[in-house]
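Work through the exercises below with the sequence and the model open. Each task is followed by a solution in steps.

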Amino acid sequence: MTTAPRLDQRRLLDVQALDTQLAKLAHARRSHPSIAALAELDARAGDLSRSRLLAETEVKDLRREVAKAENDVEQVRNRRQRDQARLDAGQFGAKDSVAVIAELEALARRQGVLEDVEIEVMERLEAAESALAAVDAQAEALRADVERTTAERDAALAELDRQHDEIAGRRAVAVEGIDAGLLALYEKVRTQNSGLAVLGLRGSTTEPLRLDLSLSEVSAIKAAGADEVVRSEEDGYILVRLDD
């Protein structure tokens, strides 16, 4: 059986308490709510980026449609004005004048249709630009949320790191001079049992984790020498006797 000074064994309880605090701080750092909040904000930013790309593409397409509609209207208007000017100047004979008048009427109807198309496309463009502006406003608000949440995260993690450094310093002092073999065993058991290696033992009761010790196990513990390192049959915890 491994042996180590009884006082060193008891000092392991202090080390274990500090390691438990460090583990809690590490968990708090990994699972701080601001981290999940930032991940959610990042996902929203991705959605908004995709939405903006679609909205911006629609605006560009509609601007091209508006430009084409304006050009179509302008071409028909110019042709009407040109033919009307020639008709007013008497440049056509009687027979040709009848044909030109008919054409002017057709051009007027065509211009009306094209102007309706122009108005419809301009209305669609206005709606698309409003949608794009709304996406930009959401993105700006989201950036503000990200800045605020990032500041909260940084402040919280800085405080957790400060606490970690303080406790790590206390741990370094706590392990000074502890039997090297005992400390190595402690680290091995702690790795095997998710961070818990040492339990206090009063009579047949372990703390803080309660184990069901068998009668033979209790008898063996009572018979063990003061410097013998006692371990539980279940999971091999180091049992530090506190009744001595």
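## Exercise 1: the sheet

Val230 has Leu239 in β4 as its bridge partner. Strands and helices here are DSSP runs, numbered from the N terminus, with at least two residues (E) for a strand and at least four (H or I) for a helix. The model is predicted, so local features need pLDDT of at least 70 and side-chain atom pairs count only at pLDDT 80 or more, while totals for chains, interfaces and linings use all residues. Residues are numbered from 1 along each chain as its sequence is written, and side-chain values use heavy atoms, with hydrogens and water left out.

Task: Starting from this pair, work out in which order the four strands form the open sheet.

Solution. 

Step 1. Two strands pair if DSSP finds at least two bridges between them. β3 and β4 are joined by two bridges and run antiparallel.

Step 2. Go from β4 (residues 238-241) to β1, a parallel neighbour joined by four bridges. Val198 faces Ile238 of β4, and Leu201 is opposite Arg241.

Step 3. Go from β1 to β2 (residues 205-207), which is antiparallel to β1 and joined by three bridges. Here Leu201 has Thr206 as its partner.

Step 4. β2 and β3 (230-231) are the edge strands, each pairing on one side only.

## Exercise 2: burial of the strands

Task: Find how many residues of strand β1 are buried, and which residues of β4 cover each side.

Solution. 

Step 1. Apply the cut-offs: buried is under 20% relative accessible area, exposed is over 50%, and partly exposed is in between (1.4 Å probe, protein chains only).

Step 2. In β1 (residues 198-202), four of the five residues are buried, so the strand is largely enclosed by the rest of the structure.

Step 3. In a regular strand the side chains alternate between the two faces of the sheet.

Step 4. In β4, Ile238 and Val240 lie on one side and Leu239 and Arg241 on the other; all are buried, and both faces are covered.

## Exercise 3: turns and loops

Task: Find which residues have a positive phi in the two hairpins, and where the cis peptide bond is.

Solution. 

Step 1. The hairpin of β1 and β2 has two residues between its strands, and Gly203 in this turn has a positive phi of about 65°.

Step 2. The hairpin of β3 and β4 has six residues between its strands, with Asp235 at a positive phi near 70°. Asp235 is a residue other than glycine, and with a relative accessible area of 43% it counts as partly exposed.

Step 3. Ser194 also has a positive phi, near 55°, and is a residue other than glycine. Ser194 sits in the loop between α4 (180-192) and β1 and is exposed at 78% relative accessible area.

Step 4. The cis bond runs from Glu207 to Pro208, with omega near 0°. Pro208 belongs to the loop between β2 and α5 (215-223).

## Exercise 4: the helices and the overall form

Task: Is Arg171 buried or exposed, and what are the spans of the C-alpha trace along its principal axes?

Solution. 

Step 1. Read the pattern along the sequence: α-α-α-α-β-β-α-β-β, that is, five helices and four strands.

Step 2. Arg171 is in helix α3 (residues 94-175). Its relative accessibility is 15%, so Arg171 counts as buried.

Step 3. Contact means heavy atoms within 4.5 Å. Beyond its neighbours within four places in sequence, Arg171 is in contact with Val15, Leu18, Asp19, Leu22, Tyr186, Glu187 and Arg190.

Step 4. Gly93 lies in the loop between α2 (33-88) and α3.

Step 5. The C-alpha trace spans about 135 × 35 × 25 Å along its principal axes. The radius of gyration, taken over C-alpha atoms, is 42 Å, whereas a compact globule of 244 residues would have one near 18 Å (rule: 2.2 Å times the number of residues to the power 0.38).

Step 6. Over the 244 residues, 31% are buried.
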